Structures are given as C-alpha cells and as structure tokens.
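Here are my notes on the model you sent. Please read them with the structure open.

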Amino acid sequence: LDLSHNRISSEGSVVLAAGLEKCACVHTLKIDGNPLYRAGARSLWLASAVSSDLFRLRRLLSLSECGLSRDMDAFEPTEPAGKYALDLRLVYAHTILRVLMRIAAEGNGMLVDTSLGGKTLQLNKVATTQREDEWLLPKTGTLVTRFLWLKAAHEHHSPPTHTPMTDIAKETILDILIGDLRPVDQNVFLKAAFANRK
C-alpha cells in the first residue's frame with residue numbers, strides 16, 4: 001500500500017494505526033513524505049508489531065521524510081498520562097479515546113474526571129466492565145478527561161533497589177494524591193499501582 005506524500009499527519013497516523021493493527025493483508029506500507037513526526041511513526045510501528053505477531057506476518061514500513069527528527073505535541077500511546085479535551089466529531093479523537101479505554105480495560109490506567117458538556121461520564125467503568133464492541137461512545141461534543149497511567153507507577157517504582165522515580169511516575173502519583181479524585185478512587189488506584197511490590 002503506497003500512501004506517500006498524502007499529507008497524513010500524526011493524528012491521521014493514529015487512525016491509520018488502529019486499522020493496521022487489525023489488518024492481515026498489508027505486507028508493505030509506504031508512507032514516505034507525510035508529516036507523521038515521532039509520535040505518528042511510533043503509532044504505526046506499534047500497530048505493525050501487534051498485527052505482525054497476531055497474524056504471523058512480516059510487514060515492511062517505509063517512513064522516509066516523515067519528520068522523525070522533530071518533536072511535535074501529539075498523542076503518545078506509550079506515555080498516555082495527561083489531560084485531554086477531545087473533539088468527538090473527529091475520528092482522531094475517537095481513536096485516542098478508544099486507546100485510553102483499552103489501556104484502562106487492561107488494568108493499566110484510569111479515566112477520571114470525565115465529562116461531556118458538563119455532564120459526568122463513567123467511561124472508566126464502561127471500559128472495565130464491558131467488552132469493547134459494547135462501548136457506546138458519544139459522537140459529538142468535547143469530552144474532557146484525565147488519564148492516570150498505572151503502568152508508569154508499576155514500571156518506575158522499585159523500592160527494593162531505591163531507584164528514583166521518573167517524572168512521569170511522580171506526576172501520576174501526585175495527580176492522584178492532590179487531585180480531586182474521591183479518596184476511595186485514590187485508594188483503588190494506588191493499591192493497584194503497588195499491588196505487586198513488596
């Protein structure tokens with residue numbers, strides 16, 4: 001599949017990656033000359049790796065002249081912690097929301113303080129209690145949420161060796177402790193984050 005020089009952005013690559021992850025028929029993806037930047041390229045690499053393992057295929061990605069040497073502010077699926085304001089009219093925003101909900105469903109994060117038009121939504125509960133094909137997500141409006149990344153706390157906290165935490169882990173834990181989460185939610189999140197620690 002040759003999608004070279006089509007002005008596909010890092011946002012577009014997240015959407016493309018979501019499709020590529022479930023696709024067994026694309027063996028070569030040429031996406032040269034598109035402004036993907038690092039975040040977009042990383043999304044495609046991760047999706048390609050997942051589908052390559054899933055379908056036992058070998059996929060070739062061509063990503064020359066995609067701005068990989070520049071940093072851009074885009075969604076980073078390997079470090080998803082943060083605050084989001086997602087315009088649900090955009091496919092890109094829906095893709096990000098689904099990725100965050102999948103991470104929550106896997107037990108590696110939590111969607112908190114989620115609202116749409118001032119109305120509170122329980123998307124973390126939806127993600128953790130329903131199958132993905134049962135998720136009924138809104139199609140319009142701006143969804144505001146914070147994502148607490150449990151995996152950051154798991155990977156970056158190691159009491160036995162006294163390894164210092166990374167800034168991401170510190171921010172995640174501080175977000176939990178000083179944020180406006182209910183104490184019961186703080187407790188659940190922190191217990192899960194350190195459950196495997198001795």
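1. A definition to start. A nonpolar core is a set of buried Ala, Val, Leu, Ile, Met, Phe, Trp, Tyr and Cys residues joined through side-chain atoms within 4.5 Å. Buried means under 20% relative accessible area, exposed over 50%, and partly exposed in between, with a 1.4 Å probe and protein chains only.

2. Ground rules. This is a predicted model, in which local features need pLDDT of at least 70, side-chain atom pairs count only at pLDDT 80 or more, and totals for chains, interfaces and linings use all residues. Residues are numbered from 1 along each chain as its sequence is written, and side-chain values use heavy atoms, with hydrogens and water left out.

3. Confidence. pLDDT is the predictor's confidence in each residue, from 0 to 100. The chain has a mean pLDDT of 78, with 72% of its residues at 70 or more. Over residues 156–162 the pLDDT is below 50. Beyond near neighbours in sequence, that stretch has nine contacts in the model. Contact means heavy atoms within 4.5 Å.

4. Layout. The chain has seven helices and six strands. These are DSSP runs, numbered from the N terminus: helices are H or I with at least four residues, strands E with at least two. From the N terminus on, the order is α-β-α-β-β-α-β-β-α-β-α-α-α. Among contacts between residues at least 6 apart in sequence, 74% join residues at least 24 apart.

5. Burial and surface. Of the 198 residues, 39% count as buried. The chain exposes about 11,500 Å², and carbon and sulfur atoms supply 54% of that. The areas come from the Shrake-Rupley method with a 1.4 Å probe; for residues, only the protein chains shown count as cover.

6. The main core. Which residues have the most contacts inside the largest nonpolar core? They are F75, L86, L97, M101 and F147, in a core of 23 residues. Elements giving two or more residues to this core are β3 (82–87), α3 (91–105), β4 (109–116), α4 (123–129) and β6 (142–149). The largest share, nine residues, comes from α3. Not counting residues up to four places away in sequence, M101 touches L111, L123, V126, A127, W135 and L137.

7. A loop residue. Q122 is found in the loop between β5 and α4. Q122 is exposed, with a relative accessible area of 53%. Q122 and V112 are 10 residues apart in sequence and 8.1 Å apart in space, C-alpha to C-alpha.
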